[in-house]
Amino acid sequence: MDRIIHYFPDLTEDQIQQFTQLKELYQDWNLKINVVSRKDIDEIYIRHVLHSLGIAKVQKFKPGATVLDVGTGGGFPGIPLAILFPETQFHLVDSIGKKIKVVNEVVEGLGIINVKTTNDRVENVSGQYDFIVSRAVAQMETFVRWVKGHIKKKSVHELKNGILYLKGGDLTEELSLYTTAQIYELTAFYEEAFFETKKVVHLPLKYKG
């Protein structure tokens, strides 16, 4: 938890309490429904929370903004981002019901009021958003196809509306189709070895009405 405070020193008391409680809740739920790998649960702050918050190092979301988290799994990156940006609305989507069940329980347990959830494939979800976030649920080409039509027309942030994607490794081939993609190395923000190959990819997407 001290690493969260180290990298995000402006947290309120409420946010610190929520991030502190988060580990307990996941440890408890993971015994019933395995949503975080056993080896990762002890490293949840580095491997899941800080990793999710890497998106916040690239783009701070404005009050009133809307963000779609596709393939949220146990709630990453959506839940840590929702704690950090309490005035931004987050929509967490996953096709696996037991994962959304855990997300709902964690959201309720932490008293988060800026999250809604949907148990479905993203292709069946309606609505448009400033940004779509995810943690490497598919190759970029597939992911872009899934989220087509979900981007708002007007950009109000420093970065243009589009995808903010947490990925690792060499992305040269995967992103060769996308000349507008910008890669941000998480080593620019974090010093832990875990982040050596981790990146945030920003891919602006045009509005399709």
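The expected span of a helix is 1.5 Å times one less than its number of residues. Keep that in mind for the first item, and note that this is a predicted model.

I'll start with helix 6. It runs over residues 97–110, which makes 14 residues. From its first C-alpha to its last it reaches 20 Å, close to the 20 Å expected at 1.5 Å a residue. Which residues of helix 6 are buried? They are Ile100, Val102, Val103, Val106, Val107 and Leu110. Looking down the axis of helix 6, these buried residues fall within an arc of 155°, so they line one face of the helix. As background, an α-helix has 3.6 residues a turn, so residues three or four places apart point the same way.

What do the buried residues of helix 6 pack against? Two of the partners are helices, namely helix 2 (13–32) and helix 5 (78–84). The others are strand 2 (89–94) and strand 3 (115–119). Just after helix 6 comes Gly111, with a positive phi of about 70°.

Next, Asp40. This residue is in helix 3, residues 38–41. Is Asp40 buried or exposed? Its relative accessible area is 13%, and the cut-off for buried is under 20%, so Asp40 counts as buried. Leaving aside residues up to four places away in sequence, Asp40 touches Arg47 and His48. With His48 there is also a polar contact, side chain to side chain, at 3.3 Å.

Now the aromatic rings. The count comes to 9 aromatic pairs. One of them is Phe194 with Phe195, which is edge-to-face, with 5.1 Å centre to centre and 80° between the planes. Phe195 is buried, and its relative accessible area is 0%. Both belong to one aromatic cluster, together with Tyr7 and Tyr190.

The charged end of Lys198 sits over the ring of Phe194, 4.2 Å from the ring centre. There is another arrangement of this kind to look at, at Trp29. Here the charged end of Lys32 sits over the ring, 4.2 Å from its centre.

To recap, helix 6 has its buried residues along one face, Asp40 has a polar contact with His48, and Phe194 pairs edge-to-face with Phe195 while the charged end of Lys198 sits over the Phe194 ring.

Note on methods. Residues numbered from 1 in each chain as written. Heavy atoms only, no water. Helix = DSSP H or I, 4+ residues; strand = E, 2+ residues; numbered from the N terminus. Buried < 20%, exposed > 50% of the residue type's maximum accessible area, 1.4 Å probe, protein only. Arc of directions from axis to C-beta. Contact = heavy atoms within 4.5 Å. Polar contact = N/O pair within 3.5 Å; in protein donor to acceptor, adjacent residues only side chain to side chain. Phe/Tyr/Trp six-rings, centres within 6.5 Å; stacked < 30°, edge-to-face > 60°. Lys NZ or Arg CZ within 6 Å of the ring centre and 35° of its normal.
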